[in-house]
Amino acid sequence: MKLLEYQASELFAKYGLPVQRGVVINAREGAAEKIRAAALRFPVVLKAQVQIGGRGKAGGVQFAESPEEAASLCDKMLGMDIRGLKVNELLVVEKRTITTEWYLSIMLDRYSKAPLLIFSPLGGMDIEETAKTSPDKIAKVPIDPVRGVQDYTIAYALDKTGADKRYAAQLKDIIEKLYRMFFDYYTMLVEINPLAIDPEGNLTALDGKVEVDDNALSYLPDITAYRDKLQEDPQVIEARKVNFLFIPVEEEGDIAVMSNGSGMLMSCIDLITQRGMRIHAALDLGGGATADRITEAVRIMLCRPQVSTVFICIFGGITRCDEVAKGAVAAMQSDAARGKQLILRMEGTNKDEAAKIVAASGLPITVAEGIPNSVEAIYRLKNAG
Ligand code: GDP
Ligand code: MN
């Protein structure tokens, strides 16, 4: 889960990282009063709160000299579209005078199997360009999880990139705090870009990105509360409530795949894709394929108008296939299923009985053996007439 900037900034503040003072605006009405009440020093920066970077280049970061200008910018920016995301909230912060923009992040690196510190003295909006044209200005340092951040970690980063060593102590303090947060919050990525230097020589985080591992959300009530503010897919939310994982795949796809396990789900997606067909969404049922849960899962898939074909692949040792069949039949009897096809592959107890239940229903449900055969069945159905 990716946090919004102001959410990241609240976490930064909790760890004593230097951030700007600001206020969040979520409605045109009362915006001017809210900005005034926050008693911010002008000029200010107005920042669109969307979960993507590059806002600056897309008009999502604007400066205002006065409360009046800020209010009129609120009017303009609330509701604007940034690369497909609607702006529902703005963060208004006191503008810093800055001389330099650095880049700093810690990410989970699967190659070094450790947190990886990435630092560059050429940060800011063109960091991608820096990576291409001046890779020598970017230092990547794995942090040994046993030893943590050491003086030599910082020394190497500054040395390799030719950055000003006077900031070593300040930078170390910031990296240590960020590193603690990286662990406490089960993050995959924490990023400060820019980490700006003002004329007095103080470092401040002017922008923050934090990506938390979804699997850790049950330990993190404060982050779970943030999730409600994010723009999420309605079926993702619906599925989560009943402990399914709904994964939108391709907007243009028309096949929905569901299975009881992510490995099999991925195999199914691979084979279907290899056959030249496209997946709209996948759903992981987790454990326990009971009739009710199958019906609910198919119903969630059928909420998506793009889906023409649903493929259910259940491999259950002791899962009762007759339950799966009953659930599938119930779902296919609904209005939402009209004109749609279902392919059912199942292994487990009472398999033969399950096939009889499907046959007796008279519904457009195809029972297939094994994944490759199922994929062929899907292909034939989609290419018939
Ligand atoms: P992003 O484009 O989504 O990464 O948004 P940022 O928050 O990083 O802002 C983009 C750019 O705006 C930064 O790289 C800075 O150059 C500039 N900027 C943002 N906040 C301030 C500020 O308080 N003072 C100054 N001088 N520039 C700022
Ligand atoms: Mn940024």
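1. Glu94 counts as buried, because its relative accessibility is 9%; buried means under 20% relative accessible area, exposed over 50%, and partly exposed in between (1.4 Å probe, protein chains only). This is a predicted model, in which local features need pLDDT of at least 70 and side-chain atom pairs count only at pLDDT 80 or more, while totals for chains, interfaces and linings use all residues. Residues are numbered from 1 along each chain as its sequence is written, and side-chain values use heavy atoms, with hydrogens and water left out.

2. The side chain of Glu94 forms a salt bridge with that of Arg41, at 3.2 Å from N to O. A salt bridge is a side-chain nitrogen of Lys or Arg within 4 Å of a carboxyl oxygen of Asp or Glu. Arg41 is exposed, with a relative accessible area of 52%. Glu94 belongs to strand E6 (residues 90–94), and Arg41 to the loop between helix H2 (31–37) and strand E2 (44–48), 53 residues apart. Helices (H or I, at least four residues) and strands (E, at least two) are DSSP runs, numbered from the N terminus.

3. A second salt bridge joins the side chains of Asp233 and Arg304, at 2.7 Å from N to O. Asp233 lies in the loop between helix H7 (221–227) and helix H8 (234–241), and Arg304 in the loop between helix H10 (291–302) and strand E16 (309–320), so the pair ties together parts 71 residues apart in sequence. Both Asp233 and Arg304 are buried.

4. Asp322 and Arg320 also meet through their side chains in a salt bridge of 2.9 Å, N to O. Asp322 is buried, with a relative accessible area of 2%, whereas Arg320 is partly exposed at 40%.

5. How many salt bridges does the rule give? The count comes to 28. Glu5, Lys47, Arg55 and Asp207 are linked in a network of such bridges.

6. The axes of helix H11 (residues 321–332) and helix H12 (residues 351–361) come within 7 Å and cross at roughly 20°. Axes are lines fitted to C-alpha atoms, for helices over the stretch in contact, and angles run from 0 to 180 degrees between N-to-C directions. H11 and H12 are therefore roughly parallel to each other, a term for angles under 35 degrees.

7. The contact (heavy atoms within 4.5 Å) is made by residues including Cys321, Asp322 and Ala325 of H11 and Lys351, Glu353 and Ala354 of H12.

Methods:
Chains are lettered from A and ligands numbered from 1 in the order in which they are written. Angles under 35 degrees count as roughly parallel, over 145 as roughly antiparallel, 65 to 115 as roughly perpendicular and the rest as oblique.
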